[in-house]
Each structure stands twice: as C-alpha cells, then as structure tokens.
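Here is a short report on how one protein chain is put together. Look at the strands and helices first, then read on.

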Amino acid sequence: MLEIANLSLLYGRHRALENISVGISEGETVVILGANGAGKSSLLKAIAGLVTPEAGSRVMLDGKSLIGLPAHDIPETGIALVPEGRGVFGDLTVEENLMLGANPRRARATEADRHALIYDLFPRLAERKRQMVRTMSGGEQQMVAIGRALMSNPKYLMLDEPSLGLAPIVVTELFAALKRVQQTGVALLLVEQNVSISLSISDRGYLMEAGRIVGADTAEALKTDTAVQQAFLGGSTA
Ligand SMILES: Nc1ncnc2c1ncn2[C@@H]1O[C@H](COP(=O)(O)OP(=O)(O)OP(=O)(O)O)[C@@H](O)[C@H]1O
C-alpha cells in the first residue's frame with residue numbers, strides 16, 4: 001500500500017500542498033482530479049522524490065518511509081512516474097528509450113521479458129522499435145513514456161496528464177492500453193483533466209483544489225457527483 005499522510009509542500013512562500021492524505025492499494029486505480037494549479041503534479045513529484053515536502057509529511061510504501069530518498073532511488077522501490085510532457089528522448093529510438101527506463105537493480109534478470117511485455121501491451125511500439133521517437137505521433141510518444149516507466153517493473157505507476165494534447169481517438173486508444181497495464185496487476189495513480197475517461201478506468205478518485213483534498217469517493221459516485229459535474233463537465237452529465 002502507498003500511503004501519503006499530512007503531506008505539505010512549499011515553493012518559497014507559496015503553499016502548493018496542504019495536509020494531503022491519499023492512499024492507494026496494490027492493483028488499484030486512483031485518479032486525482034483538479035483544475036490547473038490545484039497541485040496535482042506537485043503531489044506526484046513529492047511521491048517521486050523530485051520535490052521535498054515539509055517536515056511532518058509522510059509518504060509510506062508498505063510501511064516504509066520514502067521521504068528523503070533521492071529521486072533516482074524511487075524506481076527501485078517499485079514506484080514509477082510518467083511525467084507531464086512525457087520526458088522522452090526524441091533523438092533516440094523506441095528501443096533505446098525503453099532501455100533507459102530499465103532499473104538494473106530491479107529488473108536486470110528480466111529485461112528481455114520486460115521488452116516483450118511492453119511490446120505486447122503496445123503493439124504499435126513493436127512495429128516501430130528502431131524509429132526515432134521525435135518522428136512519432138503524440139499518442140505513440142506517450143506509449144513510449146509509459147513503456148519506459150514500465151521497464152522498472154513498478155507496482156505503482158503514476159501518470160501526470162497522459163491525455164494532454166492528444167486527439168480524442170488517440171486518448172481512447174491510450175486508455176485502452178492503460179487498461180491492459182491494469183490487467184498486469186500494476187496500480188495506477190492518475191492525474192487527469194479528462195474526467196470522463198479517467199473515471200471510466202478508476203476504482204476511486206480524489207478532488208483537489210488549491211493544494212487540498214476537497215473530496216473523495218468511488219469512481220462510480222464521482223461520475224454523478226454535482227461538484228465534479230460543475231467543476232469539470234460544465235454542469236452536464238456527459
Ligand atoms: N517549481 C515551482 N516553483 C514555484 N511554484 C510552483 C512550482 N511548481 C508549481 N508551482 C505552483 O504550485 C501550484 C501547484 O502547481 P502544480 O503544477 O502542482 O498544479 P497542477 O494541479 O498539476 O496544475 P497543472 O494541471 O496546470 O499542471 C501552482 O500554483 C504552481 O504555480
């Protein structure tokens with residue numbers, strides 16, 4: 001279980017996160033919904049060790065604290081992040097990008113298996129192993145980013161707005177691929193502005209506003225929640 005408790009974060013004098021408590025069990029899919037600037041990316045960055053939370057904050061994985069671990073040690077614990085904007089290397093091929101995600105201490109023995117699994121999850125990548133990533137579509141690049149994160153054999157995969165900038169049909173395809181990732185037993189912690197599709201693959205969700213958690217419920221309940229409707233879906237029941 002990944003447990004975040006009383007997590008607070010300051011950027012200078014700006015309080016980006018205040019007393020956040022969020023939990024995610026093995027194999028579960030949880031979405032964090034919130035408007036621009038609510039603090040969603042900051043939450044994922046704090047879990048990934050990319051920013052340092054305030055004293056008293058807790059990030060625990062199976063009872064062990066992750067606070068203070070450098071970002072490069074986090075993948076070894078079983079947590080991987082697909083950052084906003086993907087962070088892929090355009091001048092490298094699909095295969096080379098995947099290799100950069102391999103974590104020697106976590107997955108060396110199974111590197112070939114990981115490649116096989118990822119190409120199985122994303123057949124589009126299998127057809128393009130030697131293609132330069134910058135020549136690929138946005139959706140394909142997102143798949144490379146997810147594949148690279150999966151190379152470290154994570155138990156928890158965090159994704160920061162994977163649908164950003166993608167055409168609706170590509171978003172549908174990407175979420176179908178995420179469903180296949182779920183079926184391999186990986187827990188997903190998803191940050192999204194695309195409310196309908198992210199709730200459709202989630203078990204539960206949290207609502208964030210101005211650095212705080214302002215609501216939490218099952219995905220089923222959130223689909224018809226009036227606050228969610230008003231904040232994200234323009235009041236309609238899309
Ligand atoms: N490095 C930084 N230095 C100072 N302020 C920052 C920094 N990163 C983020 N912030 C501020 O912290 C707040 C939360 O930002 P964050 O990116 O976590 O929000 P978000 O919900 O992910 O928004 P978005 O969807 O726009 O990425 C915002 O007010 C943002 O301007």
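Predicted model: local features only at pLDDT ≥ 70, side-chain atom pairs only at ≥ 80, totals over all residues.

## The chain as a whole

The chain has 11 helices and 10 strands. How far does the C-alpha trace span along its principal axes? The spans are about 45 × 40 × 30 Å.

A compact globule of 238 residues would have a radius of gyration near 18 Å. The chain has 17 Å, which agrees. Of the 238 residues, 41% count as buried.

Take the contacts between residues at least 6 apart in sequence: 67% of them join residues at least 24 apart.

Now look at the S1 and S4 pair. S1 spans residues 2-11 and S4 spans residues 58-61. Four bridges join these antiparallel strands. In one of the pairings, Glu-3 has Met-60 in S4 as its bridge partner.

## The six-stranded sheet

Another open sheet has six strands. Their order is S6-S7-S8-S3-S9-S10, and the pairing is mixed. At the edges are S6 (79-82) and S10 (212-218), each pairing on one side only. From one strand to the next, the twist averages 15°.

How many bridges join S9 to S10? There are six, and the two strands run antiparallel. S9 is made of residues 204-209. Gly-205 stands opposite Asp-217 in S10. Helix H7 (residues 138-150) packs on the sheet and touches S6 and S7. The direction of H7 makes about 165° with that of S6.

## Helix H7 and its partners

Two packed helices are described by the angle between their axes and the distance between the axes. Apply that to H7 and H8, the helix of residues 168-183. Their axes come within 10 Å and cross at roughly 20°. Angles under 35 degrees count as roughly parallel, so H7 is roughly parallel to H8. H7 passes H8 in a right-handed crossing.

Which residues meet here? On the H7 side they are Gly-138, Gly-139, Gln-142 and Met-143. On the H8 side they are Val-170, Glu-173, Leu-174 and Ala-177.

H7 also packs with helix H3 (residues 94-101). The angle is about 35°, and the axes are 7 Å apart. H3 passes H7 in a right-handed crossing. H3 makes the contact with Val-94, Asn-97, Leu-98, Leu-100 and Gly-101. H7 makes the contact with Val-144, Gly-147, Arg-148 and Ala-149.

## Putting it together

Terms used
Residues numbered from 1 in each chain as written. Pairing = 2+ DSSP bridges. Axes fitted to C-alpha atoms, helices over the stretch in contact; angles between N-to-C directions. Contact = placed C-beta atoms within 7 Å. Rg over C-alpha atoms; globule rule 2.2 N^0.38 Å. Buried ≥ 20, exposed ≤ 12 C-beta atoms within 10 Å, placed from the backbone. Parallel < 35°, antiparallel > 145°, perpendicular 65-115°, else oblique. Left-handed = near helix turned anticlockwise from the far one by under 90°.
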